[in-house]
Amino acid sequence: MSPTTATPAATPTVENAQQPSVEFLAELAEHSARLESATPDEIVAWGAERFGNGLTMATAFGPEGCLILSILAQVSPETYVFNLDTGYQFQATLDLRDRIAERYGIEVEMLKPELSVPEYEALHGGALYKSNPNQCCFDRKIRVLHRGLAGRTAWMSGIRRDQSADRAQAAIVGWDKKFNLVKISPLANSTKKDVWTRIVKENVPYNPMHDQGYPSIGCWPCTQAVMDGETDERAGRWSGTGKTECGLHSVEQQGSGI
Ligand code: SF4
């Protein structure tokens, strides 16, 4: 598949936070429909060509993020990629950042919240993840995400439609009205099997905790190994609380056929 040669509509930026024009939303919907049959590599290449250095990605070093990093190494290694370094990540996740850098030469920037974990817990009289995980995610992920996205026009995510009911409606390309920029999900229509087949075949570095019963890995206080028979890949995240997302990828896109 070759990228379109049509003249793109003007891209709104995070700074001006303007509503996208009807023409721009139509362009996104058109590309999203066209890219449904594209490979992840073609989708990433299209995003890099269309948005240039306006494109970024936030990664928690899940298998999908690692696979996209391996693709970026081929098609756009200069793309800015960052991690929301909450202070509560597993050591295996932090180590993976270095393994990716060694393998692909891509240095993922670790963006930290304003307050360290001891400062934050002292401010709140203890660990907020126990009493108010939504506030903790907002302070230690969402606020930091806004910083990482500042000045960008598009971001990529590793979400797949088959990951959870909440993600089943994700578009390949759409307008993310929560963060006021374009969201590209190159793996939206890939399956878990597709991702892992490629990781194994191409020897992409991944978190060894996936081999120890953790299908989805976030912060250590909010991640558990899942029981045999649990089918929702994100069942081990905020287990027993009813919370399923930290707020980054709740589907609130518009103009993308949703
Ligand atoms: S996942 Fe848990 S520890 Fe991490 S930011 Fe959210 S509530 Fe806090």
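Residues are numbered from 1 along each chain as its sequence is written. In this predicted model, local features need pLDDT of at least 70, side-chain atom pairs count only at pLDDT 80 or more, and totals for chains, interfaces and linings use all residues.

View 1. Helices are DSSP runs (H or I, at least four residues), numbered from the N terminus. Ala, Val, Leu, Ile, Met, Phe, Trp, Tyr, Cys and Pro count as nonpolar, Asp, Glu, Lys and Arg as charged, and the others, Gly among them, as polar.

**View 2. Helix H3 against helix H8.** The axes of H3 (residues 63–75) and H8 (residues 192–202) come within 10 Å and cross at roughly 55°. Axes are lines fitted to C-alpha atoms over the stretch in contact, and angles run from 0 to 180 degrees between N-to-C directions. Angles under 35 degrees count as roughly parallel, over 145 as roughly antiparallel, 65 to 115 as roughly perpendicular and the rest as oblique. On the H3 side, the contact is made by Pro 63, Glu 64, Cys 66, Leu 67 and Ser 70. H8 brings Val 195, Trp 196, Arg 198, Ile 199 and Glu 202. Contact means C-beta atoms, placed from the backbone, within 7 Å. Six of these residues are nonpolar, one is polar and three are charged.

**View 3. Helix H2 against helix H3.** H2 (residues 40–51) packs on H3 at about 60°, with the axes 10 Å apart. H2 is therefore oblique to H3. Pro 40, Asp 41, Val 44, Ala 45 and Ala 48 in H2 meet Ile 68, Ile 71, Leu 72 and Val 75 in H3. The contact has eight nonpolar residues, no polar ones and one charged.

**View 4. Confidence along the chain.** The protein chain averages a pLDDT (the predictor's confidence in each residue, from 0 to 100) of 88. Over residues 1–6, pLDDT stays under 50. Where pLDDT is low, the predicted coordinates should not be read in detail.

How values were computed: Helices (H or I, at least four residues) and strands (E, at least two) are DSSP runs, numbered from the N terminus. Two residues are in contact if their C-beta atoms, placed from the backbone, lie within 7 Å.
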